[in-house]
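Subject: Structure for your files

Hello,

Here is the structure we talked about passing on. My notes on it follow below.

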Amino acid sequence: MKVSLPKSRVPYLLLFPGFAFLFTFFILPIINLAQTSTQTPVSGGDTGEYEQTFAFSNYVHAFLDNREQFARSFIFAALATIFALTIAYPLAYAIAFKSGKYKNVLLVLVVAPFFTSFLLRTVAWKQILGEEGFLVPTLRNLHLLGQQTTVTSTAFAVVAGMTYNFLPFMTLPLYASLERIDPRTIEAAGDLYANGITTFRKVTVPLSLPGVVAGTLLTFIPAAGDYVNAAILGSPNTKMIGNVIESRYFKIVDYPTAAALSFTLMAAILILVTLYIRKAGTEELV
Amino acid sequence: MGTERPLSPEARSILNAGISRRGILIGAGGLGAAGLLASCSSGGGDTAGAENIVRWGNWPLYLDFDEATKTYPTLEKFSKQTGIKAKYFEDYNDNDEFFGKVQAQLKLGKDIGYDVVTPTDWMAARWLRLGYTQKFDLANIPNAGNILDSLKSPSYDPNRESTLTWQGIMSGFGWNTEKNPKGIHTLDELFAPQNKGKIVVLTEMRDTIGVILLAQGVDITKVTEDQFMNAVDFMAGKIADGWIRGVKGNEYAEDLTSGDATAVIGWSGDMFILSSENEGKFDFAIPDSGGTISGDNLLIPSTASAIGKANGEKLINYYYDPAVAAEVAAYVNYVCPVKGAQAEMEKIAPELASSEYIFPTEKTASRLHVFRSLTPAEETTWAKAFQQAQGN
């Protein structure tokens, strides 16, 4: 046991920048948010003036007033996650196993959307799905879409936009875990007379589960709090909880409710994710 | 004005590259974002006092801009005339958002980085109420007397001691003339079958609900909470039944050009530009039952230094010169608040001198109404009802 003191400090020194950053930009704001969430308006005060009264009832009102948007957020996020998984799995599989020398090019293409802003891409979707875009008139001419049916301002557009925007977050972890699969395990399955489907079901899928878990988390969590897609592609009937928080904060200047909603959303996501990881097993995350 | 969501302006400029004037307008919006960044990084601009400067925060696309030189011609002239360097920030995108940004500093009496700001009437009222403004030294603003009589004594500043109107904004009906060949003059015509699911209304509560209230025969200068809530319910019903597609800020203009919207409750200036860009495909009218008018106001924050204040007053005085006001109006197309500007407009753009959008005649003006000012408690409950009606 001859560990010198300076050496034992090394881990702390390494942790310090990250910790200091998170403390300043995460912990402190969270504490502030928690304080705000139980405030009530100063009687006779001006718009935006609140005082601490430990009104935990704010949480009850915030939740009851916006049950619909909470439910919608989780349903939309779940749908987007399922669609993204459906699209990303074959994609990641193809890149990992079937792309040969094009592997790197394809990976760059998966990441390519990040080179443009999130907002720009969502606005582009609005144009693509718009009345005078290419898609809608074409579908109408083919009688696949009614003359009065529109695509933007619908739940379909919002979920589609979310699926698209979060697709790389699903694809990359899937690719990483598929790519890591030892080809000998697949050969071994063949040697044991498993056909392609059985091999895929019994070997590839179980070995790629860490990617599935990571990908679904990376998609579901930001999707549940997203408000950009609903704001740009949706209508008043497709508003999500993020839109409510934005409106409470900036439009109504009701900081306590905005803070209470943020906390409720955080807690709800935390609970769902914990249950999910419990079920999936934490070791799958690694 | 109420540019609602800070949609990445580069995004819009690229997507709208095909649309002439919009493209230009939106390009300039990018400057707004740049201005915002600049003011953020330096903690809200430089401090006046050390230098002979004036810092002005205004809405995007709200001052004459020369695409070729990337400068604001009237502002350049001001600097030349007075030797005061003007720093112009197009970062006033939303009344509530801007207020949220500077409120803490105003409370502490710390410089907010602006010597002149441009809030809408109701927000200007809030600044005054909270003591966040400075009274003008009218000796520095001899042109203040040029303000239109109709704007001389708003309830929040009856003697115009701390505020002067920058531009006036009319709201009414806008429509696609192909889908609505007879035009839209009543609420029933707005909710006509051909517009079902393609109607967009403004996020600015006082304009959207104001127009609905007027159609319901309510005097918006005296509106009660019951009447207001009744109109909000009407809007909520039209949203639930799928008539209203969205509640938006300036973006409604894009919905009109993309065909996603065929009829709107919108702002005169926007509609004027859309119409001239699209060869009459769009039109605007003040509803038969009346439209709303509001103003954005120049005022000096309580945190401006003595030099900043004096320079701000000189700036305001300069823009109340009829010739300068005409130059601005020819670009922005909103209601010009300065007497004598119409005569000046004859000299520079005679076709605009007769525009009802810029120089409403007395008959037109009589059809425009101002939403009454709200108490802080009303502001919160009414805004909440309006937001909930749109799904928020």
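**Two loop residues and the rest**

B:Glu279 is found in the loop of chain B that runs between α10 (268–277) and β8 (282–285). This is a predicted model, and that applies to everything below. B:Glu279 has a positive phi of about 45° although it is not a glycine. Most residues other than glycine have a negative phi.

A:His143, not a glycine either, takes a positive phi of about 60°. Its place is the loop between α6 (135–141) and α7 of chain A. A:His143 counts as exposed, with 8 other C-beta atoms within 10 Å.

**Chain B overall**

Chain B has 16 helices and 10 strands. Of its 392 residues, 56% are buried. Among the contacts in chain B with a separation of 6 or more, 76% are between residues 24 or more positions apart.

B:Asp296 lies in strand β9 (residues 291–299) of chain B. Is B:Asp296 buried or exposed? B:Asp296 is buried, because 25 other C-beta atoms lie within 10 Å of its own and 20 or more are enough for that label.

B:Lys135 sits in the loop between α5 (121–129) and β4 (163–176) of chain B. With 11 C-beta neighbours inside 10 Å, B:Lys135 counts as exposed. Leaving aside residues up to four places away in sequence, B:Lys135 touches B:Glu161 and B:Ser162. B:Lys135 and B:Ser289 are 154 residues apart along the chain, and their C-alpha atoms are separated by 37 Å.

Helix α3 of chain B covers residues 73–82, and its buried residues are B:Thr74, B:Leu75 and B:Phe78. These three are on the same side of α3(B), because they cover an arc of only 100° around the axis. An α-helix has 3.6 residues a turn, so residues three or four places apart point the same way. What do the buried residues of α3(B) pack against? Their partners in chain B are β2 (85–89), α11 (306–319) and α12 (322–332). Just after α3(B) comes B:Gly83, with a positive phi of about 75°.

α12(B) also packs with helix α13 (residues 341–348) of chain B, at an angle of about 65° and with the axes 8 Å apart. The crossing of α12(B) past α13(B) is right-handed. On the α12(B) side, the contact is made by B:Pro322, B:Ala323, B:Ala325, B:Ala326, B:Glu327, B:Ala329 and B:Ala330. α13(B) supplies B:Ala341, B:Ala343, B:Glu344, B:Met345 and B:Ile348. By class, this contact of α12(B) with α13(B) has 10 nonpolar, no polar and 2 charged residues.

Within α13(B), the buried residues are B:Ala341, B:Glu344 and B:Met345. They lie on the same side of α13(B), because the arc they cover around the axis is only 105°. B:Ala343 and B:Lys347, on the other side of α13(B), are exposed. The buried residues of α13(B) pack against α12 and α14 (350–353) of chain B.

**A helix pair in chain A**

Helix α3 (residues 67–98) and helix α7 (residues 155–179) of chain A have axes that come within 6 Å and cross at roughly 40°. α3(A) and α7(A) are therefore oblique to each other. α3(A) passes α7(A) in a right-handed crossing. The residues in the contact of α3(A) with α7(A) are 23 nonpolar, 2 polar and 1 charged.

**Where the chains meet**

How many residues does the contact take from chain A and from chain B? The numbers are 29 residues from chain A and 32 residues from chain B. On the side of chain A that touches chain B, the elements giving two or more residues are α5 (118–129) and α11 (241–251) of chain A. By class, that side of chain A has 10 nonpolar, 13 polar and 6 charged residues.

Regards

Note on methods. Residues numbered from 1 in each chain as written. Chains lettered and ligands numbered in written order. Predicted model: local features only at pLDDT ≥ 70, side-chain atom pairs only at ≥ 80, totals over all residues. Helix = DSSP H or I, 4+ residues; strand = E, 2+ residues; numbered from the N terminus. Buried ≥ 20, exposed ≤ 12 C-beta atoms within 10 Å, placed from the backbone. Contact = placed C-beta atoms within 7 Å. Arc of directions from axis to C-beta. Nonpolar A, V, L, I, M, F, W, Y, C, P; charged D, E, K, R; others polar. Axes fitted to C-alpha atoms, helices over the stretch in contact; angles between N-to-C directions. Parallel < 35°, antiparallel > 145°, perpendicular 65-115°, else oblique. Left-handed = near helix turned anticlockwise from the far one by under 90°.
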